[in-house]
Amino acid sequence: MTAVQRPGIPTTPTTSHATEPLGSPVWSHNEWDPLEEIIVGRLDGATIPSSHPVVTCNIPTWAARLQGLAAGFAYPRVMVEKAQQELDQFIALLESLGVTVRRPEAVDHKQRFSTPDWSSRGFCNTCPRDSMLVIGDEIIETPMAWPCRYFETHSYREILKDYFRRGARWTAAPKPQLTDELFERDFRVPGDGEPMRYILTEFEPVFDAADFVRAGRDLFVTRSNVTNRTGIDWVRRHLGPGYRVHEIESRCRTPMHIDTTFVLLAPGKALVNPEYVDVDRLPEALRSWDILVAPEPDPIDDRLLRITSMCGRWLSMNVLMVDEKRVIAERHHTGMLRALEKWGFEPIPCDLLHYAPFGGSFHCATLDVRRRGTLESYCD
């Protein structure tokens, strides 16, 4: 097993005007090395997203109609306040574990913006996991398919510029046009037993970073309604022969993001969604891994949460590894907490249930920028 050592990190603080970086502050190769620095999303200015077909294709028809009526308005205060309380507690937990937490700038997402082809309002910057992919010492801005998220990384620019000045590599994938040619006309969600269909064509590369998870030199990805094959090919070519990108087949009829489908927990241990994943069809690279089947999620009693969550009932899988043993998981999902403990992990219960209407839970709400470890191969 070969390993690439992490570059040295300055022991003295660097200013925003540093021109001679001594090492990269960005260094993360997998989902489980000891966590040192992380970006956590922000709820300020969150706006109900547009009713564009690529947004509404993943939610029920009645919810899409309701969203269309409310698009461009701020989320109700009661929803924001509950989520903010939980988010503050989550940040305090991370800091108590010795993790450095960075935050994006607050943005008024109600402001309208445009390209020569279309115009939109924004959404929110609650989920840095979607718009940025960390590979080693490089941060890649992703070409997201939702028009309302076109300029989302601008709220992270001060952080990105700081990392760049201190030695990180900073890349942006080709900015997509997002014209009608990218989206299938008259798309409808396939029913059970029907061939899988996606709303995206292969007109140009688009992908969300949250459709990828990392295991050193091996990445795993799901094709989805925000990530097309051309986007996967772009990542594969950009990373080059030193990495392998494997596709996880999802049986979800409305696929979007891998972290409620296939979750990497530790070297040789992966958590799978039994509703979405056929274990017998996993990539050959995982043949020596322990495949852990996620328990049935605990029911959500809060009706408002059930109808406003953008992420479905399997958000119980959306955990964040602090290291190979410790894992932050939702306090409500006691079945998942017990399963993690049975598998030899040390679950740290935390509340983030009310964050779901804004895009996710612990994994979605964060971007692990620095983990203490080396670049290794974990797959056959």
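In which sense do E12 and strand E13 (residues 290-293) pair, and over how many bridges? The two strands pair in the parallel sense over four bridges, where a strand is a DSSP run of E with at least two residues, a helix is a DSSP run of H or I with at least four, both are numbered from the N terminus, and strands count as paired if DSSP finds at least two bridges between them. Within this pairing, Lys269 stands opposite Asp290 in E13.

The structure is a predicted model, in which local features require pLDDT of at least 70 and side-chain atom pairs count only at pLDDT 80 or more, while totals for chains, interfaces and linings use all residues. Residues are numbered from 1 along each chain as its sequence is written, and side-chain values use heavy atoms, with hydrogens and water left out.

The protein chain contains eight helices and 17 strands. Of its 380 residues, 57% are buried, where buried denotes under 20% relative accessible area, exposed over 50%, and partly exposed the range in between (1.4 Å probe, protein chains only). The accessible surface of the chain comes to about 16400 Å², of which carbon and sulfur atoms account for 50%; areas were computed by the Shrake-Rupley method with a 1.4 Å probe, and for residues only the protein chains shown count as cover. Among contacts (heavy atoms within 4.5 Å) between residues at least 6 apart in sequence, 73% join residues at least 24 apart.

The largest nonpolar core comprises 45 residues; such a core is a set of buried Ala, Val, Leu, Ile, Met, Phe, Trp, Tyr and Cys residues joined through side-chain atoms within 4.5 Å. The residues with the most contacts inside this core are Ile38, Val54, Phe90, Leu94, Leu200, Leu320 and Ile328. Two or more residues are contributed by each of E1, helix H1 (53-56), helix H3 (77-96) and strand E16 (346-350), and the largest share, seven residues, comes from H3. Leu94 is in contact with Leu35, Ile38, Val40, Val99, Val101, Leu320 and Ile328, leaving aside its neighbours within four places in sequence. A second, separate core of 37 residues includes Phe262, Ala270, Tyr276 and Trp343.

Strands E5, E6 and E7 form an open sheet in the order E5-E6-E7, with mixed pairing. E5 and E7 are the edge strands, each pairing on one side only. On average, neighbouring strands of this sheet are turned by 20° against each other, direction ignored. E6 and E7 pair in the parallel sense over four bridges, and Ile140 has Thr171 in E7 as its bridge partner. Helix H6 (residues 229-239) packs on the sheet, touching E5, E6 and E7, and its direction makes about 155° with that of E6; axes are lines fitted to C-alpha atoms, for helices over the stretch in contact, and angles run from 0 to 180 degrees between N-to-C directions.

In helix H5 (residues 157-165), the buried residues are Ile159, Leu160, Asp162 and Tyr163. These residues lie on the same side of H5 because they cover an arc of only 160° around the axis, the arc being that of the directions from the helix axis to the C-beta atoms. They pack against strand E1 (35-40), strand E2 (100-102), strand E5 (132-135), strand E6 (138-141), strand E7 (169-172) and strand E17 (366-371). Just after H5, Gly167 adopts a positive phi of about 120°. Thr153 is located in the loop between E6 and H5 and is buried, with a relative accessible area of 5%. Not counting residues up to four places away in sequence, Thr153 touches Ser131, Met132, Glu141 and Leu160.

Helix H8 (residues 334-342) has Gly335, Met336, Leu337, Ala339 and Leu340 buried. Its buried residues pack against strand E11 (262-266), strand E12 (269-272), strand E15 (326-330) and E16. Gly344, with a positive phi near 100°, follows H8. E11 and E12 run antiparallel and are joined by four bridges, with Leu271 in E12 as the bridge partner of Val263. The two strands form a hairpin with two residues between them, and Gly268 in the turn has a positive phi of about 80°.

Leu178, in the loop between E7 and strand E8 (212-215), has a phi near 55° and is buried at a relative accessible area of 3%. His257, in the loop between strand E10 (244-247) and E11, has a positive phi of about 80° and counts as buried at 8% relative accessibility.
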